[in-house]
Amino acid sequence: MSDRRLFLKTSAAATTGLALQLLSRRAWALSPGRRGPAPWSATQANPAQASSVAGRVDLRFRQVHLDFHTSEQIRDVGRAFDPERFAAMLKGAAVDSVTCFGRCHHGYIYYDTAKFPERRHPHLTRNLLKEQIDVCHKHDIRVPIYITIQWDRYTVDREPGWRQITASGELQGQKPFEPGFYGRICLNSPYIDFLKAHLAELFEVVPVDGLFLDIVAPQDCACARCTAAMTARAVDASNADARKAFGREVAFGFQRDLTAYIRTLDRSCSIFYNGGHVGPALRPVVGTNKQWVIE
Ligand SMILES: [Zn+2]
């Protein structure tokens, strides 16, 4: 079992996602800031405690990432969903882990939410994520939950002040009347407060095997908050290199803070911040991820 975890975990594509996962053992070993025992050591020392120790990550062999970004114009979401048929299809394909959606790039939530009912997809016909998790767990299929981070159309349409601003003073990403959800949110904004409340409720209402936190990358932001923060630290915000270095620390600080917060909610769920690429630039935040997922 431990040898298996050393290497790539195979997976199959669902709609758009093909993910490979590997344990961060080598990356952890390369991390200059590592502290204490290796995160998998508790499992090796006492496999009997594997399911309860903080260091364990229960990656499976065949993992599917089920992309599910659904605009508010799509109706009857989940209407034809048949839990047992869903599980049978996964079992038939030997899938033992499937990432399902908590909140997508359109900003919509796919489970019953009391805290943010306005964000529940307007045409969601059932408590979809909960039903997916329940039937998958019944058949021993793991279900990491997808949560969007920096792309969220619902949020940026209502809170434009949370979007990143370019050095030329424009909204980062897509223009106001363009389709899509490609306007990045600044990680140095009150959005983080929403995100934490959203995650807190998620852990209350569904079992969370893991989190796939999508679109998290170093930012180059000249919004009022970032500019003020740079000025307070004697960083020249007009200097592109200095601004990008600050933006990198903002993103890394966000990951450290959010992982610490998630660990107050759950000690052992898997966590991965997806920025599209996994490479040496991520060494400072190796410890914020539980595993790597390669697109
Ligand atoms: Zn900013």
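Ala94 sits in the loop between helix 4 and strand 4. Its phi is near 60°, a positive value in a residue other than glycine.

A word on what you're looking at: this is a predicted model, where local features need pLDDT of at least 70 and side-chain atom pairs count only at pLDDT 80 or more, while totals for chains, interfaces and linings use all residues. Residues are numbered from 1 along each chain as its sequence is written. Helices (H or I, at least four residues) and strands (E, at least two) are DSSP runs, numbered from the N terminus.

Asp140 also has a positive phi, near 55°, and isn't a glycine. You'll find Asp140 in the loop between helix 5 and strand 5 (144-148). Pro190 belongs to the loop between helix 6 (153-158) and helix 7 (191-205). From C-alpha to C-alpha, Pro190 is 9.5 Å from Gly161, though 29 residues separate them in sequence.

| Residue | Other C-beta atoms within 10 Å |
|---|---|
| Pro190 | 12 C-beta atoms, exposed |

Now for the helices. Helix 4 (residues 83-92) packs against helix 5 (residues 128-138) at an angle of about 55°, and their axes are 9 Å apart. Axes are lines fitted to C-alpha atoms, for helices over the stretch in contact, and angles run from 0 to 180 degrees between N-to-C directions. That makes the two helices oblique to each other; under 35 degrees would be roughly parallel, over 145 roughly antiparallel, 65 to 115 roughly perpendicular, and the rest is oblique.

Who does the touching? Pro83, Glu84, Phe86 and Ala87 of helix 4 meet Glu131, Gln132, Val135 and Cys136 of helix 5 (contact means C-beta atoms, placed from the backbone, within 7 Å).

What about strand 4 (residues 97-103)? Strand 4 is mostly covered, with seven of its seven residues buried. Strand 3 (residues 63-65) pairs with strand 4 in the parallel sense over three bridges, where pairing takes at least two bridges found by DSSP. Within this pair, Gln63 stands opposite Ser97 of strand 4.

Note on methods: Two residues are in contact if their C-beta atoms, placed from the backbone, lie within 7 Å. A residue is buried if 20 or more other C-beta atoms lie within 10 Å of its own, exposed if 12 or fewer, and partly exposed in between; C-beta atoms are placed from the backbone.
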